[in-house]
Amino acid sequence: MRRMNIAENSLTIAKSLLLDPWGLSENDMARALAEIFNRRVDYADLYFQYTRSESWSLEEGIVKTGSFAIDQGVGVRALSGDRTAFAYSETLDPAALLSAARAVKGIGGRGQGRVRIAPADHDAAQHVLYPALDPLASLPAPDKVALLERVEAMARRSDPRVIQVMASLGAEYDVIMVAGSDGRLAADVRPLVRLSLTVILESQGRREIGTAGGGGRTDLSYFTDDILRSYVERAVHEAGVNLEARPAPAGEMTVVLGSGWPGILLHEAVGHGLEGDFNRKGSSIFSGQIGQRVASPGVTVVDDGTLEGRRGSLNIDDEGHATQRTVLIEDGILKGYMQDSLNARLMKTAPTGNGRRESFAHLPMPRMTNTYMLAGQHDPAEIIASVRDGLYAVNFGGGQVDITSGKFVFSASEAYRIENGRITYPVKGATLIGNGPDAMNRISMIGHDMQLDSGVGTCGKEGQSVPVGVGMPTVRMEGLTVGGTNA
C-alpha cells in the first residue's frame, strides 16, 4: 500500500508541475499519441520533464558564484523498426504537444497502426528508493553558503600545507512523467545532491591536488560535519601522498586495484561494452558472446538501479520501466546486456530498466545505473602481501576506452609501489593500459571488501551525461601494462 501511495504521489506531483499549469490533460496526451498512430509505427511515447537546479561555488575563501535554473519541456518519440523519429518542445501547451506529435509520425508507413492508450488506469510498478522531496528547499541560501565555508575552514585547519580550497555544492529537483502508446503512465520525483572538494597543498615549492566529495538522492541535510570531515581527510590525504610521490615505474606488472571508486575502470572498460545498442549493432567486443567466458572465474558484475538513495539509482528509468538488478557477468561468464526498449525489442529480449536520457531534449539509450563487481573471499591485506613486485592503484582520474576494441587507458591519481608484499612508497604519473575483456581474465584474487563510490560519478555517452554509481572490491590483476615516467 505504501509503495502504491508513493507512486500515486509522484504522479500527482508530476501532473501539478507538467500538465496543470499549461492546461494539459490526459486526454491531450492520448490525442497526441493517437495522432502519431495515424501512421503505422511500432511504439510512441511522451517524456515530460521539469527540472529545478542550483549550484554554489567557493574559492579563495569566498562563495563567488551561484546559479539557479529551471528547465521544462516534452520529448516526443516514434519507433518504426530500427528507425526513430524525435521532436521536443520547451512549451507544454496542447498545441505544441500536438505539433511535435505530427512532426514525428512521418516515420511510419501508410496505414493505420494500433495503439492502446489508457493513461488514467495504468501506472508502472516502481520501487521506493528515495523520498519525493525538493532538496533545494532543504536549506535556506545563507546556510548553503555557510556549509561551503565550514568545509573550507575544516580543510585549512586540517593541514598547514593547505594553500587553496575549492568547493562546490549542487542540488537538483527533477520531476519526470512518461506516457507510452502501450498504456504506460509513470512518474518519478528525483532529488539529487552533490558536494565536490578540491584542495591544493604546497611543500618545499611543490604543489599537489587532492579531490573528494559525494552525495546521492536525498537532501542537503546529508552533508553532516562527519561527512564533510571525511571528504576533507580524503582530499588532504591524496594531495599529501602525491607530495611525497616518486616517478611511477613502467612496464608489465601485477596491479592491485583498491575498492570503491576504482570501479570506474570496470564501468568504462567493461560496462559500456555491455550496453545493448553496441551489441545489437555488433560494434562491441562483447557482441555475440552470451554464454562465453569473458572474465576470470569468481568475477561477477551487476548493474543495479535499485540501491536505495544511490546517485545512479532510479525508481523508474526514462521509459517508465522499473529499474532492476541485472547480472551482466556471473562467475566469469557473460549473462546479458543492459537494454532500453528499442534495442530489447530488436534483439528479442526484455528491457532491463536501463533506458536513460540526459533530458527531454535527448533520446533515451541503454545506459548504466550503479555498476559494480561483487565481493570475493580474500582479505585485502592478503592480496597486497601476495604481490612481490607491483602497483597498488587506490584512486583514478580520467580515462579513455574504445568500445570496439576494448582498449583502455586510465590515469591513477593515487598509487603506491608494492615490493615483497609491502606497500613501500607512493608513485605519481602511473597509467594503466589494457583491453577490457583481457584485463577481466587477468583477475586472480578478489577481496571481500566490495565498496561503492561516494556518489560523484557522471557518465558521458554520445554527448549525453547522466549520474551513475560504480564500485568494486580490492582485486589483484596479473601482467597489466603500466605506463609511467621511470622505466
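Colleague: Where does Glu60 lie?

Modeller: In this predicted model, Glu60 lies in the loop between strand E1 (43-59) and strand E2 (62-80).

Colleague: What makes the phi of Glu60 worth a remark?

Modeller: Glu60 has a positive phi of about 55°, although it is not a glycine. Most residues other than glycine have a negative phi.

Colleague: Buried or exposed: what do you call Lys461?

Modeller: Lys461 has 5% relative accessibility, under the 20% limit, so it counts as buried. Lys461 is found in strand E21 (residues 458-461). Its C-alpha atom is separated by 33 Å from that of Arg31, 430 residues apart along the chain.

Colleague: Let's turn to rings. How many aromatic pairs are there?

Modeller: The structure holds seven. One of them joins Tyr88 and Phe360, 5.9 Å centre to centre with 70° between the planes.

Colleague: What does the pair tie together?

Modeller: Tyr88 lies in strand E3 (residues 83-89), while Phe360 is in the loop between strand E12 (355-356) and strand E13 (365-366), so the pair links parts that are 272 residues apart in sequence.

Colleague: Buried or exposed: how do you label the two partners?

Modeller: Phe360 has a relative accessible area of 6%, under 20%, so it is buried.

Colleague: What makes you say that the charged end of Arg357 sits over the ring of Tyr47?

Modeller: The charged end of Arg357 is 4.0 Å from the ring centre of Tyr47, and the distance limit is within 6 Å. The position must also be within 35 degrees of the ring normal. Arg217 does likewise over the ring of Tyr130, 5.6 Å from its centre.

Colleague: Now the helices. How do you know what to call the arrangement of H4 and H5?

Modeller: The axes of helix H4 (residues 141-158) and helix H5 (residues 225-243) come within 9 Å and cross at roughly 45°. Under 35 degrees would be roughly parallel and 65 to 115 roughly perpendicular, so H4 and H5 are oblique to each other. H4 passes H5 in a right-handed crossing.

Colleague: Which domain does UniProt put at residues 135-243?

Modeller: An unreviewed UniProt entry annotates "domain: Metalloprotease TldD/E central" there. In the model that span is 34% helix and 45% strand, with its end C-alpha atoms 37 Å apart.

Colleague: And what does UniProt place at residues 44-104?

Modeller: The unreviewed entry has "domain: Metalloprotease TldD/E N-terminal" at those residues. The span is 18% helix and 69% strand, and its end C-alpha atoms lie 9 Å apart.

Key:
Residues numbered from 1 in each chain as written. Predicted model: local features only at pLDDT ≥ 70, side-chain atom pairs only at ≥ 80, totals over all residues. Heavy atoms only, no water. UniProt positions renumbered as here; feature names shortened; annotations may be inferred. Helix = DSSP H or I, 4+ residues; strand = E, 2+ residues; numbered from the N terminus. Phe/Tyr/Trp six-rings, centres within 6.5 Å; stacked < 30°, edge-to-face > 60°. Buried < 20%, exposed > 50% of the residue type's maximum accessible area, 1.4 Å probe, protein only. Axes fitted to C-alpha atoms, helices over the stretch in contact; angles between N-to-C directions. Parallel < 35°, antiparallel > 145°, perpendicular 65-115°, else oblique. Left-handed = near helix turned anticlockwise from the far one by under 90°.
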